[in-house]
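User: Please examine the following model and answer a series of questions on its surface, fold and assembly.

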Number of protein chains: 2
Amino acid sequence: MKISPKCPSCLLNRVYMEARMSTDDAEKIDRAVELALKILAEEYPKKGINAVIATRIHRKVYEVLEDEDPYREVKKRANEVSLKYLPEIKRIVYRDDAFRSTAKASIIANTFDYGVMGHEVNDSAFLDYFIRKFRESLKIDNLEKIRSLCKGRVVYLTDNCGEIVYDALFMKEIKKICERLSVVVRGRPIISDATYEDAVIAGVDKIADEVLDNGDGIGIIDEELPEKTKDRIENADIIIAKGMANYECLSDSAYTIGFLLTAKCEPVAKSIGVEVGDMVALLR
Amino acid sequence: MKISPKCPSCLLNRVYMEARMSTDDAEKIDRAVELALKILAEEYPKKGINAVIATRIHRKVYEVLEDEDPYREVKKRANEVSLKYLPEIKRIVYRDDAFRSTAKASIIANTFDYGVMGHEVNDSAFLDYFIRKFRESLKIDNLEKIRSLCKGRVVYLTDNCGEIVYDALFMKEIKKICERLSVVVRGRPIISDATYEDAVIAGVDKIADEVLDNGDGIGIIDEELPEKTKDRIENADIIIAKGMANYECLSDSAYTIGFLLTAKCEPVAKSIGVEVGDMVALLR
């Protein structure tokens, strides 16, 4: 999916937000925005993938800020909130068909995405949000086909911190039926995405056959992928791709992919053919 | 007031919004954003005034869109809504000291500002909004000093459509005590700001001694000012400057200015020393 004319504003808003989270140094904040603008003005006309451009921008911004992880606190809190409500949410989820309902839980938890313009994450009201969304139907529901493909070799691309706690529930169900479960987290801290450390917090390392990483990027960027991760992706029977950045990167790919996400912005929602706020489990 | 690192995102958001209001032509929308990004990347490091940079951007964007006034409908609606509730609001306003309460009405109506990121204009709920805000106190209240200076030559710089209907009420009170009332509207349609046509709709031409224009700009840009307008500004005993763009342009000027506005964004609020949402009548 190519960058949309709505993306630059959202990206700059996030750069400003992360700079403010990282420092009070007005000069650093200023240089971060200046640099982001410069890269965006260069890259936007080339119509690349937003998540790829965003990766380049955030990496440079982190350098300017001299901060390896401006989202440190936000990510920690997302994990804490998720773990706090886990017992209650488990009681709700396991009343139904566990494959379907844990998949849905992981889609609902895709709300833990900090910095999408117009999308508010209300940590403290997460349980209420969960209960409300759990009553809603998926707007696109290809879960039965996805279930069937999950009998083979599965690659599971995670997205945000917090969310990964609920991904773990879904992974447990996949693990019961699959041949091999390879989970891919981000190789380095970037925005609010989960890294290996978060996978451990969520217990993913005890569920999956292996926890790999995507190298250095938001989403799946071919040139960034470690050899083993590339191999697993190329030989998967299905890739479960969580969230918007993974969708942006893989929407035009030839792999068999189950995109599980909550559409949180207009360009992604439009590309999928749903409305902002809709939940989807789309097989492509 | 210099451009803040929060401004580029907001500006690009507005450019996208106005492009979408103007056309469905994806290529035009795309070129509008591309051009805005290019100008911003050039201008941001120079740390000029946001309203001046925004003027340059919107003018170029209007050219790309081949649209002299993308805000046509929005402006029309703001005037209609304001006129619709005028009788009801007059009844509220004239219970008190008319100079103070019409000034406040004009500050409340400064909410008719479309495209400030994070600021929602709810046309249909304007009366409720007005009643609620009218109960609030001004966060900075220099109205008595402003009243006293209004006994001389007054230049009144208007801001948005819709808002100008309530400016007219305040102008009537100024007119009762002043030596001369010169009202300055925008010389050409730009964003949601009032032009001569809107001044006539609001009846300003029947109240003021003269209705002048600011040339071509959002706010007061020296090089853009017609000779007569410049003369009136230089020889005013007080300038009443409505809204954020006029504040951005004049906050560091040596004139005697009464800034009347609702702070709708963080950079302006911070510059004044108030919170977003606060109403001020600040004499400087």
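**Surface, fold and symmetry**

Analyst: In this predicted model, chain A exposes about 11,300 Å², of which carbon and sulfur atoms supply 47%.

User: What percentage of the residues in chain A is buried?

Analyst: A residue counts as buried when its relative accessible area is under 20%. Applied to the 284 residues of chain A, this criterion gives a buried share of 62%.

User: Why can chain A be called as compact as a globular protein of its length?

Analyst: Chain A contains 13 helices and seven strands. For 284 residues the globule rule gives 19 Å, and chain A is as compact as a globular protein of that length because its radius of gyration is close to this value, at 18 Å.

User: How far apart are the mean positions of the positive and negative charges of chain A?

Analyst: The comparison takes in 44 positive and 50 negative charges. The distance between their mean positions is 4 Å.

User: What relation do chains A and B have?

Analyst: Chain B is superposed on chain A with an RMSD of 0.0 Å by a rotation of 180 degrees, with 0.0 Å of shift along the axis. That is the relation of a two-fold axis.

User: Which residue of chain B comes closest to the rotation axis?

Analyst: The copies meet through the same surface, since 100% of the interface residues of chain B are also interface residues in chain A. Judged by C-alpha position, the residue of chain B that comes closest to the rotation axis lies 2.2 Å from it, and this residue is B:Ser9.

Methods. Residues are numbered from 1 along each chain as its sequence is written. Chains are lettered from A and ligands numbered from 1 in the order in which they are written. This is a predicted model: local features need pLDDT of at least 70, side-chain atom pairs count only at pLDDT 80 or more; totals for chains, interfaces and linings use all residues. Side-chain values use heavy atoms; hydrogens and water are left out. Helices (H or I, at least four residues) and strands (E, at least two) are DSSP runs, numbered from the N terminus. The radius of gyration is taken over C-alpha atoms; the globule rule is 2.2 Å times the number of residues to the power 0.38. Buried means under 20% relative accessible area, exposed over 50%, partly exposed in between (1.4 Å probe, protein chains only). Accessible areas come from the Shrake-Rupley method with a 1.4 Å probe; for residues, only the protein chains shown count as cover. Lys and Arg count as positive and Asp and Glu as negative; His and the chain ends are not counted. The place of a charge is taken as NZ of Lys, CZ of Arg, CG of Asp or CD of Glu. Copies are superposed by least squares on the C-alpha atoms of residues with pLDDT of at least 70 in both. Contact means heavy atoms within 4.5 Å.
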